[in-house]
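The exercises below are meant to be worked with the sequence and the model open side by side. Each one sets a task and is followed by a solution in steps.

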Amino acid sequence: MSADTGPLVAVLEPGYADYAVERQVLAPLGVRLRPVAAEEDALPLLSSERPVALMVRERLVDQPVLTASPDLKLVVRYGVGVDNVDLEAARRHQIYVANVPDYGAEHEVSELAVALYLAAARRLVSRDASVRLGRWGVAQAEPIPGRRDAVLGLIGFGKIARRAAVKFRALGMERVLASDPALSEEAAVAAGVTLAAVDEICREADVISLHAPLTAATHHLIDRRRIGLMRSSAILVNVARGGLIDEAALAEALGSGRLFGAGLDVFEREPPNLSHPLFQASNLIVSDHAAWYSETAVAELQCKAAEEVLRVLGGSPPRHWVNPW
């Protein structure tokens, strides 16, 4: 089958430098790969060119997208979370949805969780700005609490959180509390952590790092009430999903000094609205949903996502099938 006549795979919301990895993986089937950058171009292309698979990052894949191409067999999410895909609608139409939960970014994500914590704890951004403005010796004007024998709280305890626990422990975290519906008491003991409820973590932890998926049950898991339980010296880190936090409540806590600091790689709306009160808080450290990123991780992610397409077009279900029927 020639590359001009093979099945079409559309990449919605492309964000990678190139797609040589995917093209190489899919070459045996003569697949045509079409990046579609503009959101308004997606539905016309889906209905006119009838791709058999979609590959997406953050783009919303809802009922209109799922039904636009009568030949659609598969949606692959570049990454772990699939909250941007209507799984029920895909199941009704028997369209596979797959993710890539094993591309090795737990190293990168856990590393950024620690980096955000350190940047907030040591006031790195404000210190950098002060020195560049010619200020010196400002330490006691912006106090930094000591973190000896500190308690780490992990909300969600999958691969990334486990990696984060190892790295935080190296900084001297004395105790690690973990909350995860899938974590048993036995498994917690084996991992060297203490099983705890979310409220307990909010009350006791000096550092709270979020690693949970975004679901209806976890939306605004960290709300005004739970922020009110936290120590005034606590630091909140989120490298999971923005919707886990009530951002208005967090902005109030940071602005009033109720909370020492926060480090966020993710936001409820992305890109975030820079007029949001969060961005008035000098004790907030931010990144651009890039915790997953390294050149190594991207190449592995693109390869594994393309392999799911290859698998389905070859007549098999995807390896990481998230909406089984």
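The secondary structure of this chain, which is a predicted model, comes to 12 helices and 12 strands.

**Exercise 1. Decide whether the radius of gyration of the chain agrees with that of a compact globule, and describe the extent and burial of the chain.**

Step 1. Taken along the principal axes, the C-alpha atoms fill a box of roughly 70 × 50 × 30 Å.
Step 2. Of the 325 residues, 48% count as buried, while the accessible surface comes to about 15400 Å², with 53% of that area belonging to carbon and sulfur atoms.
Step 3. When contacts with a separation of 6 or more are considered, 64% of them are between residues 24 or more positions apart.

**Exercise 2. Work out the strand order of the open sheet of five strands, and find which strands stand at the edges.**

Step 1. The order across this open sheet is 2-1-3-4-5, and the pairing is parallel.
Step 2. Strand 2 (32–36) and strand 5 (96–98) each have a single partner strand and therefore stand at the edges, where one side of each is left without a neighbour in the sheet.
Step 3. From one strand to the next, the twist averages 20 degrees.
Step 4. As an example of the pairing, strand 1 (residues 8–12) and strand 3 (residues 53–56) run parallel and are joined by four bridges; within this region, V9 stands opposite A53 in strand 3.
Step 5. Helix 2 (residues 39–49) lies across strands 1, 2 and 3, at about 155 degrees to strand 2, and helix 12 (residues 295–313) lies across strands 1, 3, 4 and 5, at about 165 degrees to strand 4.

**Exercise 3. Describe how helix 11 (residues 247–256) begins, what its buried residues pack against, and what follows the helix.**

Step 1. D246 caps the N-terminal end of helix 11, with a side-chain oxygen placed 3.1 Å from the backbone nitrogen of A248.
Step 2. The buried residues of helix 11 are E247, A249, L250, A251, A253 and L254.
Step 3. These buried residues pack against helix 10 (224–229), strand 10 (235–238), strand 11 (261–264) and strand 12 (284–286).
Step 4. Just after the helix, G257 takes a positive phi of about 80 degrees.

**Exercise 4. Where is A197 found, and how far apart are A197 and S179 in sequence and in space?**

Step 1. A197 is found in the loop between strand 8 (194–195) and helix 9 (198–204).
Step 2. The relative accessibility of A197 is 47%, and A197 therefore counts as partly exposed.
Step 3. A197 and S179 are separated by 18 residues in sequence, and their C-alpha atoms are 5.7 Å apart in space.

Technical notes: Residues numbered from 1 in each chain as written. Heavy atoms only, no water. Pairing = 2+ DSSP bridges. Helix = DSSP H or I, 4+ residues; strand = E, 2+ residues; numbered from the N terminus. Axes fitted to C-alpha atoms, helices over the stretch in contact; angles between N-to-C directions. Contact = heavy atoms within 4.5 Å. Buried < 20%, exposed > 50% of the residue type's maximum accessible area, 1.4 Å probe, protein only. Polar contact = N/O pair within 3.5 Å; in protein donor to acceptor, adjacent residues only side chain to side chain. Rg over C-alpha atoms; globule rule 2.2 N^0.38 Å. Areas by Shrake-Rupley, 256 points an atom, 1.4 Å probe, with all protein chains shown as cover.
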